[in-house]
Amino acid sequence: MALPLRRKRFDLPLAKDPTSRFLTWLTALMVYLAALSLAGALFVSDMAKRWESGLAGGLTVQIVPQPGASPSALNEQTESALTVLRSTPGVKSASALSTDAIARLMEPWLGKEAADPLLPMPRLIDVVTDGPVDTAALAARLKSAAPGATLDDHAVWLADLRRFAAALHIAALAVVALIGGAGVMAVIFAVRAGLAIHRHVVELLHLMGATDRYVARQFESHVMSLTLRGGLGGLVLAVATLAGLGQASAGLRSGLLPDISVNVWQLATLAIVPVVASLLAMLTARWTVLRTLESLP
């Protein structure tokens with residue numbers, strides 16, 4: 001006689017298998033590592049966006065004090081550089097940073113000594129562009145007008161930053177892919193072990209009219225329950241780890257580390273990881289059971 005396809009309980013005693021606890025803990029570990037890798041990629045992406053919004057369409061001119069030069073000579077060189085910049089096509093504005101602003105920029109590296117008036121500090125000029133600028137010709141003109149002046153093109157920094165962010169994204173995806181592959185292999189091992197342990201029960205179910213698809217659904221539900229439980233535990237541990245890192249970095253200066261606090265959208269993205277892991281495990285269990293039963297005599 002045919003068995004009903006939907007039952008509230010398992011006909012196979014899968015919960016008593018020794019592989020059940022192994023699969024739960026392994027899933028928790030893999031989701032934990034995958035969530036941390038994905039969070040790192042999200043943090044780097046946010047940092048790259050902030051840098052790009054702050055550096056796009058800009059240049060920085062640095063005027064280094066010459067040996068033996070007086071402060072008045074440095075001021076004259078700064079004014080000469082400003083005159084050159086403001087007369088350059090494509091330059092929207094050029095303004096020299098105050099000594100206090102320069103000291104605040106250098107404070108993460110030099111400490112409070114950056115505000116010492118006796119410390120020789122370079123002059124910085126913030127340049128905003130609204131069109132193409134011939135940076136090579138502008139750098140030559142600046143050197144002629146103000147010896148010791150150097151021109152930094154933010155576009156070069158942004159290109160390096162984009163390459164760095166892209167490399168980190170690829171690395172994060174590679175880590176997630178490796179973790180997913182390890183998870184698939186673990187599910188295949190657990191399902192095959194379960195089939196070997198309960199082979200006599202499976203044969204009895206076949207004699208009673210159960211199909212391979214019915215047996216596969218037993219394993220699907222069991223594996224999905226285990227991996228979802230372990231995945232949620234791994235996600236909680238990952239969020240707790242990120243929260244701890246955020247608290248530890250709260251006292252550090254913003255110039256040293258990117259913001260690693262988790263916002264709502266990032267948390268929603270991380271919450272997808274255990275769901276995807278559970279669905280992947282379910283599909284793997286279905287494929288493994290059907291393939292294994294097809295090969296049986």
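**Exercise 1.** Find which residues Thr-284 is in contact with, leaving aside its neighbours within four places in sequence.

*Solution.* Contact means heavy atoms within 4.5 Å. The model is predicted, so local features need pLDDT of at least 70 and side-chain atom pairs count only at pLDDT 80 or more, while totals for chains, interfaces and linings use all residues. Residues are numbered from 1 along each chain as its sequence is written, and side-chain values use heavy atoms, with hydrogens and water left out.

**Exercise 2.** State where Thr-284 lies and decide whether Thr-284 is buried or exposed.

*Solution.* Helices are DSSP runs of H or I with at least four residues, strands are runs of E with at least two, and both are numbered from the N terminus. Thr-284 belongs to helix 8, which covers residues 264–295. Next, buried means under 20% relative accessible area, exposed means over 50%, and partly exposed is in between (1.4 Å probe, protein chains only). Thr-284 has a relative accessible area of 8%, so this residue is buried.

**Exercise 3.** Count the aromatic pairs and classify what is found.

*Solution.* A pair of aromatic rings is described by the distance of the centres and the angle of the planes. Rings of Phe, Tyr and Trp (its six-membered ring) pair if their centres lie within 6.5 Å; planes under 30 degrees apart count as stacked, over 60 as edge-to-face and the rest as tilted. The count comes to one aromatic pair. The ring centres of Phe-22 and Phe-189 are 6.0 Å apart and the planes stand at 80 degrees, so the pair is edge-to-face. The pair links distant parts of the chain, 167 residues apart: Phe-22 is in helix 1 (residues 19–55) and Phe-189 in helix 5 (residues 154–197). With 37% relative accessibility, Phe-22 counts as partly exposed.

**Exercise 4.** Describe the chain as a whole.

*Solution.* The chain has eight helices and four strands. Along the sequence they follow the pattern α-β-α-β-α-β-α-β-α-α-α-α. Of the 297 residues, 37% are buried. Among contacts with a separation of 6 or more, 85% come from residues 24 or more positions apart.
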